[in-house]
Amino acid sequence: MDYSNQTKLIKELKKGEERAFIYLINTYNKRLYGYALSLSNNKIMAQDIIQNVFLRIWEKRKTITINTSVQNYLYKSVYNEFLNLYRKHKSTMLLEQKYFQSLERTTANYDENSFKKALDRITIEIQALPPKCREVFMLSRREGLTNIEISDHLNISTKTVEAHITKAFSVLRKKLGDKLDTFLFLLLGYPSKA
């Protein structure tokens, strides 16, 4: 079938005709990649952009509305996808920057010997927690699981998960005092939230 007629191409895409979709990819892939590369200046990001654009077209093929030419629609989609990825990447970079600034401030008062002592101390205190309490605490803080995920994983209620985490922080605060957040930051990469 001849898909060079864009009305026919869009109609066949909406029907879920895979050959129409393959035609779309084969016809525009290289040009769109070049455009994405010119925007991002990054080959991997450009590939991601193109992949996301084509994936979204296929997923929304039944409701797709193209009021301009197919080419203009695709270029606009690539540009919008670039902006979305750029915003996500920028916010991730800001978070990483804040993390490293916090790490620098936290570790400024520690030489190598005191740093090791701090890590040993928090490790010993965590190991001294009751077994289930320690397991829940580490799943929460080291693995980053939510209370619901921990509840599902250990087959216990979320209230029990919350109780274990609260108990862990209570015990650790008694043992480590106001240095708890610093110790947790050094060991786990972020301060306590409880």
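This is a predicted model: local features need pLDDT of at least 70, side-chain atom pairs count only at pLDDT 80 or more; totals for chains, interfaces and linings use all residues.
Residues are numbered from 1 along each chain as its sequence is written, and side-chain values use heavy atoms, with hydrogens and water left out.

**The chain overall**

- Of the 194 residues in the chain, 31% are buried; buried means under 20% relative accessible area, exposed over 50%, and partly exposed in between (1.4 Å probe, protein chains only).
- Take the contacts in the chain with a separation of 6 or more: 60% of them come from residues 24 or more positions apart, with contact meaning heavy atoms within 4.5 Å.

**Helix α8**

- Helix α8 covers residues 158–176, which is 19 residues.
- From first C-alpha to last, α8 reaches 26 Å, close to the 27 Å expected at 1.5 Å a residue; the expected span is 1.5 Å times one less than the number of residues.
- The buried residues of α8 are V161, H164, I165, A168, F169, L172 and L176.
- Those residues sit on the same side of α8 because they cover an arc of only 130 degrees around the axis, the arc being that of the directions from the helix axis to the C-beta atoms.
- Over on the other side of α8, you'll find K159, T166 and K174 exposed.
- Just after α8 comes G177, with a positive phi of about 60 degrees.

**α6 against α8**

- The α6 and α8 axes are 9 Å apart, and the two helices pack at an angle of about 95 degrees; axes are lines fitted to C-alpha atoms, for helices over the stretch in contact, and angles run from 0 to 180 degrees between N-to-C directions.
- α6 and α8 are therefore roughly perpendicular to each other (under 35 degrees counts as roughly parallel, over 145 as roughly antiparallel, 65 to 115 as roughly perpendicular and the rest as oblique).
- On the α6 side, K132, C133, V136, F137, S140 and R141 do the meeting; their partners in α8 are V161, H164, I165, K167, A168, F169 and L172.

**α6 against α7**

- Helix α6 (residues 131–141) and helix α7 (residues 147–154) have axes that come within 10 Å and cross at roughly 135 degrees.
- That angle makes α6 oblique to α7.
- E135, V136, L139 and S140 in α6 meet I150, H153 and L154 in α7.
- E135 counts as partly exposed because its relative accessibility is 34%.
- The C-alpha atoms of E135 and I150 are separated by 9.6 Å, and the two residues are 15 residues apart along the chain.

**Positive phi in loops**

- N41 isn't a glycine, yet its phi is positive at about 55 degrees.
- You'll find N41 in the loop between α2 (18–40) and α3 (43–59), and its relative accessible area of 72% makes N41 exposed.
- N155 is another residue other than glycine with a positive phi, near 60 degrees.
- The loop between α7 and α8 holds N155, which counts as exposed at 71% relative accessibility.

Key:
Helices (H or I, at least four residues) and strands (E, at least two) are DSSP runs, numbered from the N terminus.
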